[in-house]
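Subject: Structure handover

Hello,

Please find the structure below.

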Amino acid sequence: MDMLRGIIAYMPKEMRDYYTDMLDSMAGQQGHGIMTVEAADGETYKVVFVYDKAKDHPAEYTGIFDKKAMTLSITPVGLVLTNPMILKIEESGDTLTCSGTTDYSSDIVTYNMSINGTKIE
C-alpha cells in the first residue's frame with residue numbers, strides 16, 4: 001500500500017489527473033454478483049463476493065454471525081482498499097435478505113458502498 005502511494009505521489013501531473021479522472025468515472029456505479037457463505041469452523045464463516053464485472057477477482061471475507069442481532073460481521077481477507085462491514089440479515093416468510101454499508105478513505109481513494117441481496121438458494 002505504501003509503495004502504491006509513493007508511486008502515485010511521484011507521477012507526473014498528467015498521470016495523477018488521469019488516475020483521478022478514472023476513479024471519478026467509477027462513482028455511482030452499480031454492480032451485481034453472488035455472495036456465498038460457507039461455514040469455516042464452529043463460529044466463523046467464509047464469505048466470498050463474485051461480481052459480474054470482476055469474476056476473476058473474488059473478494060473474500062471472514063464472517064461471524066450474531067444470531068441474536070441477526071447480523072453477519074465480515075472482515076476482508078487479503079484485500080486492500082476496503083473495510084469490515086456488518087450485514088443485517090432479515091427473514092420474511094421464505095425470503096432471506098441482507099443489507100449493509102461501508103465507507104473507506106485513504107490517500108488513494110475514498111468511497112462508500114452498499115450491499116443489498118436476496119437469498120437465491
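In what order do the seven strands of the open sheet lie, and is their pairing parallel or antiparallel? The order is S1-S2-S3-S4-S5-S6-S7, and the pairing is antiparallel. Please keep in mind that this is a predicted model.

The sheet

At the edges of the sheet are strand S1 (33-39) and strand S7 (110-118), and each of them pairs on one side only. From one strand to the next, the twist averages 25°.

For a closer look at one pair, take strand S2 (residues 44-51) and strand S3 (residues 59-66). They run antiparallel and are joined by six bridges. Within this part of the sheet, Phe49 stands opposite Ala59 in S3. Setting aside neighbours within four places in sequence, Ala59 is in contact with Val47, Val48, Phe49 and Leu79.

The core

Which residues make up the largest nonpolar core? There are eleven: Val47, Phe49, Ala59, Tyr61, Leu72, Ile74, Met85, Leu87, Ile89, Cys98 and Ile115. At least two residues of this core come from each of S2, S3, S4 and strand S5 (85-92). S5 gives the most, with three residues. Phe49 and Ala59, the opposite pair described above, are both members of this core.

Thr102

Thr102 is found in strand S6 (residues 95-105). Is Thr102 buried or exposed? Its relative accessibility is 7%, and the cut-off for buried is under 20%, so Thr102 counts as buried. The side chain of Thr102 reaches the backbone oxygen of Pro84 at 3.4 Å. Not counting residues up to four places away in sequence, Thr102 touches Asn83, Pro84, Met85, Tyr111, Asn112 and Met113.

Met70

Where does Met70 lie? Met70 is in the loop between S3 and strand S4 (71-76). Phi of Met70 is near 55°, which is a positive value in a residue other than glycine.

Regards

Definitions and conventions:
Residues are numbered from 1 along each chain as its sequence is written. This is a predicted model: local features need pLDDT of at least 70, side-chain atom pairs count only at pLDDT 80 or more; totals for chains, interfaces and linings use all residues. Side-chain values use heavy atoms; hydrogens and water are left out. Two strands pair if DSSP finds at least two bridges between them. Helices (H or I, at least four residues) and strands (E, at least two) are DSSP runs, numbered from the N terminus. Axes are lines fitted to C-alpha atoms, for helices over the stretch in contact, and angles run from 0 to 180 degrees between N-to-C directions. Buried means under 20% relative accessible area, exposed over 50%, partly exposed in between (1.4 Å probe, protein chains only). A polar contact is a pair of N or O atoms within 3.5 Å; within protein, one must be able to donate a hydrogen and the other to accept it, and residues adjacent in sequence count only if both atoms are side-chain atoms. Contact means heavy atoms within 4.5 Å. A nonpolar core is a set of buried Ala, Val, Leu, Ile, Met, Phe, Trp, Tyr and Cys residues joined through side-chain atoms within 4.5 Å.
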